[in-house]
Amino acid sequence: MGSLFPLSLLLFLAAAYPGVGSALGRGTERARGSKGSSPTPPGTSVPFWVRVSPEFVAVPPGGSVWLNCSNSCPQPQSSSLRTRLQQGKTLRGPGWVLYQLLDVRAWSSQAHCFVTCAGKTRWATARITAYKPPHSVILEPPVLEGRKYTLRCHVTHVFPVGYLVVTLRCGGRIIYSESLERFTGLDLANVTLTYEFPAGPRDFWQPVICHARLNLNGLVVHSSSAPITLMIAWSPVPTALASCSIAALVGILLAVGAAYLYKYLAMKSPE
């Protein structure tokens, strides 16, 4: 009889207060669920990470690259790569996906790896850069034209030309610099820079160097030519002065010779 009283009391309370019965029911369900493995309810946030490797990669123009997108989600709902670059093969494994990117020609691109886990989406970003440092930087020997030297520099097989700056230095001093940002081609190119340099006395016997620099938003690539010594220019004015000096010297020698000859003949003549 004593054991029936608490049970009858619970039935009475459940009939009089329906909320108590429902609360007891929910408590019973929670107790049962804690003993087994129940799936994560939709919309519940699950902590996980997404990584892409490499985060930064540089390739020659037209090259390809593989990106590894990994995550820590036990059961990812989806995984994808979003980019403007051409995609090739895709390889998958537990916790990772390999994406191939083909024919990379834009000097700077991005690829975003998205992973959705338990209704929440995270992503990681990789930066892909296509560039080619100059194959060679060649400075021709300076040519004197009038009173100016013509300097001609060749930068071969470089990309992207639009981010190239060519600088001429004489004795460490910048005498000319030009940015080629007007070029927008997506292929390797050869560049020739010509500059007329009015050299002064301080520039003679100084080394002249052609310097090429690719400035790719923080990624800087340098290349330089072999130095060439700037020789002294012999202008027409000193040559004319030298000719006049020689002519005057010859005249003086002739006059002195004539004087000696006249004196000698005078001494030999009979008195």
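R152 comes out as partly exposed, with a relative accessible area of 29%, where partly exposed sits between buried (under 20%) and exposed (over 50%), using a 1.4 Å probe and protein chains only. E140 is also partly exposed, at 29%. The two side chains meet in a salt bridge, with N to O at 3.6 Å; a salt bridge here is a side-chain nitrogen of Lys or Arg within 4 Å of a carboxyl oxygen of Asp or Glu. This pair links distant parts of the chain, with R152 in strand β11 (residues 148–158) and E140 in the loop between β9 (136–139) and β10 (143–145), 12 residues apart. Strands (E, at least two residues) and helices (H or I, at least four) are DSSP runs, numbered from the N terminus.

A word on what is being read: this is a predicted model, in which local features need pLDDT of at least 70 and side-chain atom pairs count only at pLDDT 80 or more, while totals for chains, interfaces and linings use all residues. Residues are numbered from 1 along each chain as its sequence is written, and side-chain values use heavy atoms, with hydrogens and water left out.

The pLDDT, the predictor's confidence in each residue from 0 to 100, averages 79 for the protein, and 72% of the residues score at least 70. Confidence is highest in β9, at 96, and lowest in helix α2 (residues 18–33), at a mean of 38. Residues 1–41 have pLDDT below 50, and this stretch has one contact in the model beyond near neighbours in sequence, a contact being heavy atoms within 4.5 Å. Residues 235–239 also stay under 50, with one contact beyond four places in sequence. Where pLDDT is low, the predicted coordinates should not be read in detail.

Back to the charged side chains: the structure holds four salt bridges. D103, R105 and D187 are linked in a network of them. Within it, D103 and R105 meet at 2.9 Å, N to O, and the closest N and O atoms of R105 and D187 are 3.3 Å apart. R105 lies in the loop between β6 and β7 and D187 in the loop between β13 (173–179) and β14 (189–197), so this pair ties together parts that are 82 residues apart in sequence. D103 is partly exposed at 36% relative accessibility, and R105 is partly exposed at 31%.

Then there is the sheet. Four strands form an open sheet in the order β2-β8-β7-β4, with mixed pairing; strands pair if DSSP finds at least two bridges between them. The edge strands, β2 and β4 (78–83), each pair on one side only. Strands β7 and β8 run antiparallel and are joined by 10 bridges. S109 lies in β7 and has I128 as its bridge partner in β8. S109 is buried, at 12% relative accessibility, and beyond four places in sequence it is in contact with L85, A126, R127 and I128.

I128 turns up again in the largest nonpolar core, where V50, L67, L101 and I128 touch the most other members out of 26 residues. Such a core is a set of buried Ala, Val, Leu, Ile, Met, Phe, Trp, Tyr and Cys residues joined through side-chain atoms within 4.5 Å. Elements giving two or more residues to this core include β1 (50–53), β3 (63–71) and β8 (120–130). Apart from it lies another core of 25 residues, among them Y149, V161, F204 and A212.
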